[in-house]
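Open the model in your viewer and keep the selection tool at hand. The tour moves from stop to stop.

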Amino acid sequence: MEQRVITYDDTTVRRFIAAGVIFGAVAMLVGAIIATQMIWWQANLGVPYLVFSRLRPLHTNAAIFAFVGNSMFAGIYYSTQRLCKARMASDLLSKIHFWGWQLIIVAAAITLPLGITTSKEYAELEWPIDVAITVIWVVFAINFFWTLARRNEKNLYVALWFYIATIVTIAVLHIVNSLEIPVTLTKSYSIFPGVQDALVQWWYGHNAVAFFLTTPILGIMYYFMPKAAERPVYSYRLSIVHFWSLVFMYIWAGPHHLLHTALPDWAQSLGMVFSVALWAPSWGGLINGMLTLRGAWDKLRTDPVIKFLVAALTFYGMSTFEGPLLSIKSVNALAHYTDWIIGHVHSGALGWNGFMAAGTFYWMVPRLFGTKLYSKKAAEVHFWMATAGIILYVVALWVAGISQGLMWKAQTPDGALAYPSFVETILAIRPLWMVRLTGGLLYLGGFLLMAWNLTRTALAGKAVDGQVTVTVEEPHAVPEPSAGWLVTRPGFLFVLGAVVLSFFLGGASMMTGVKVLVVLIILAEVAWLWFKARPRDTTAPGWHQLVEGKPLFFTVLLLFAVLAGGIAQLIPTIFAPSAVPWTGEKQQPYSPLELAGRDVYTREGCYVCHSQMIRTLQEDTQRYGAYSRPEEFIYDHPFQWGSKRTGPDLHREGGKYPNLWHYSHLMDPRSTSPGSNMPSFAWTADYKVDQSLLGRKMIALQKVGVPYSNLAVDGARDAYRKQADTIVADLAKEGVAVPWDREVVALIGYLQRLGRGPQMPAPLPTAAAPAPARGGQ
Amino acid sequence: MYSEFFRAHHLIDLPLAGSVLFAALFLGIVAWLFLERTQRFEQAARQPLDDDERSVRS
């Protein structure tokens, strides 16, 4: 037996904490700015880079990847080293990870206000930054798994399983959702069209919540809660069930973001069922965390760390109850596109993520600087400010969301819409947005107090690193079971057999489901009999214990669990022709002008406030027109369905108003819609469309299946000019002079095309607005 | 190849087979958990608490 002294790399932990605090404050400040703009649109100061629709992606990306990202890396680096009794494998990789991640954040902070965006929510960063994210994530993964390989603890504690799940799943999600065809360094198109793009996006979007905002934080909870309570986790058994069921079920839930849309109904139902089922594992983790405090509840009164961790778990419980509730189709019909969803997201982000970050910072910083927390009183004040802030925020948005949802549905006794003007429904909830802003500012104030408290703590001490002495076993002193031994265990063979059988029997007829079920029952019976009959060796390690000692094997099992849902939902939707129409004989691609207009639409982030998806609900069809159908989106790269209606749906906007209306609306929204909180996009009348890119964009889209002919590509500039001239001439008749090559002309061309595919002839616009030319042929 | 494979399937076959398979696996894990020795879980649960960490200047 050899004694070895291990000194942990806590410098990296200190760096990630500092970055988490700084970027947390920035993310919340940007949130407060855009919350102000919702009430007073003038708060953008007329600067394109500060407009709501460009800043909102900056807020979400900063909150998720900069604040929670840095905070979770701090927790992971701190706890992994201590659970493995090993220093991180490579100081160089730790440095590359830290600085690389901060560079990515800076790149996001520059590009998003510039309007460089893919328009896919929480994945807005353009392809060069996507590549950088992949590289840095791989660096993190290598460093992490290398550390596991060098560990001086035999078993992997449950927290480490959650970290493995995070690393593996985020890699898969990010790569698949970022598959895009580059046009320039700052522009790309998603390879997936319309419906498929929507499914892939929300498979990613929902699981970014699951595997970036939940699983790593649960791992951190499983480490820090026992440390703070000075008690082991309530039930290790429950943690195993919690882990496997959570990682397996979460991945199926993405389609609940697309209920009542053009997504195939079977996928919607599958997403809803798994979302409701998710309530059980989520609360399994909540109960396990809460009961870890058994016998130590008195600490809740005195210890700020415990206070934040318990409140975080409470908010986790609340938001993981609310999430399944919102996934039920009938509830979703009312809540979707409203502020209720924003309230739900913030109870998770501010309550679960924010409080977990604060609790772990208050735990780590005094220890990392060899001193005590500077002010417990300030931490108390922070806690109550933040709690009051969240409650104000969330309750205001619950009321706002439900009110607006009900107003959208409300009918007069003769069946007409009770609130036909969308602006009416916005003005009604404006006071609640003021309450939301107050709550947000209160939370931000508490956060800044924490930043001050942690800074004073750090200044009062000196940076110190943790050190332990470990006893290292002689190599091969204890025989290790081989991978071969593991894969010949009956449990593994049972799973493998079932997979193979379901593969071969799975597709022949309707009876195959029954056959698979019968075979599985027989196999389960055999396995059960073997299990009952086997001689029990009370000293031998259990099967899961052996798996815990094999990180690679553990990761493979995990990969099977997390890929199952994605494969079952994505592959049929993407590859099976019967799932979603791939081609539409009557469909025509966007003309060069419409395509350029669409790019302006995505650059300005119009999807942030306007959906392009009329759901199969009466309140939608009565207000906006015929419901949206899947074939209408086959040339949409990326899809623009949106997730929130701060303005009305635009899918049947084409032909609804003359060109002059659109021009006036974009220059000054209140000139056509009194009371609107939409910002002016007057700069689109100044900016020119880069004509040299038209052909390149069409060629890129050709590669992903949009049927532009080479003739259409060659004639792109002429077709553009011809269609632009009709709009310019129409505007000139109304006394508006605008050059043909300005972005506003292209944007009007795109808006007039919306929902007017040949399969759905919409009424022609008034005489003042001739129908735009169609197609790119 | 993928298209041909999936053309032969009803859309619900794979999700159904996958759901049944993993439900069976889940029930198997739960059954195993409650038959496993308690002592081993108690040891594993103590892992975050078993340290004799000291601090040294960075």
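What follows is a walk through a predicted model.

**Stop 1: a buried asparagine.** Select Asn143(A). This residue sits in helix α4 (residues 127-149) of chain A. Its relative accessibility is 0%, so Asn143(A) counts as buried. Show its contacts beyond four places in sequence: Tyr77(A), Met88(A), Ala89(A), Ser90(A), Leu93(A) and Ser94(A).

**Stop 2: a helix pair.** Select residues 215-229 and 236-250 of chain A, helices α7 and α8. Their axes are 12 Å apart, at an angle of about 170°. Over 145 degrees counts as roughly antiparallel, and α7(A) and α8(A) are therefore roughly antiparallel to each other. Thr215(A), Leu218(A) and Tyr222(A) from α7(A) meet Ser239(A), His242(A) and Leu246(A) from α8(A). Three of the residues in this contact are nonpolar, three are polar and none is charged.

**Stop 3: salt bridges.** The count over all chains is 29. Select Asp599(A) and Lys187(A), joined at 3.4 Å, N to O. Asp599(A) is in helix α22 and Lys187(A) in strand β3, 412 residues apart. Asp599(A) is buried at 10% relative accessibility, and Lys187(A) is buried at 14%.

Next, take Asp265(A) and Lys329(A), with closest N and O atoms 2.9 Å apart. Asp265(A) lies in α9 and Lys329(A) in α13, so the bridge ties together parts 64 residues apart in sequence. Asp265(A) is partly exposed, at 48%.

Now select Lys644(A) and Asp339(A), which meet at 3.5 Å, N to O. Lys644(A) is in the loop between α23 and α24, and Asp339(A) is in α14. Lys644(A) is buried at 6%; Asp339(A) is buried at 1%.

Finish with Arg54(A), Arg603(A), Glu604(A) and Glu743(A), joined into one network by salt bridges that share partners.

Technical notes. Residues are numbered from 1 along each chain as its sequence is written. Chains are lettered from A and ligands numbered from 1 in the order in which they are written. This is a predicted model: local features need pLDDT of at least 70, side-chain atom pairs count only at pLDDT 80 or more; totals for chains, interfaces and linings use all residues. Side-chain values use heavy atoms; hydrogens and water are left out. Helices (H or I, at least four residues) and strands (E, at least two) are DSSP runs, numbered from the N terminus. Buried means under 20% relative accessible area, exposed over 50%, partly exposed in between (1.4 Å probe, protein chains only). Contact means heavy atoms within 4.5 Å. Axes are lines fitted to C-alpha atoms, for helices over the stretch in contact, and angles run from 0 to 180 degrees between N-to-C directions. Angles under 35 degrees count as roughly parallel, over 145 as roughly antiparallel, 65 to 115 as roughly perpendicular and the rest as oblique. Ala, Val, Leu, Ile, Met, Phe, Trp, Tyr, Cys and Pro count as nonpolar, Asp, Glu, Lys and Arg as charged, and the others, Gly among them, as polar. A salt bridge is a side-chain nitrogen of Lys or Arg within 4 Å of a carboxyl oxygen of Asp or Glu.
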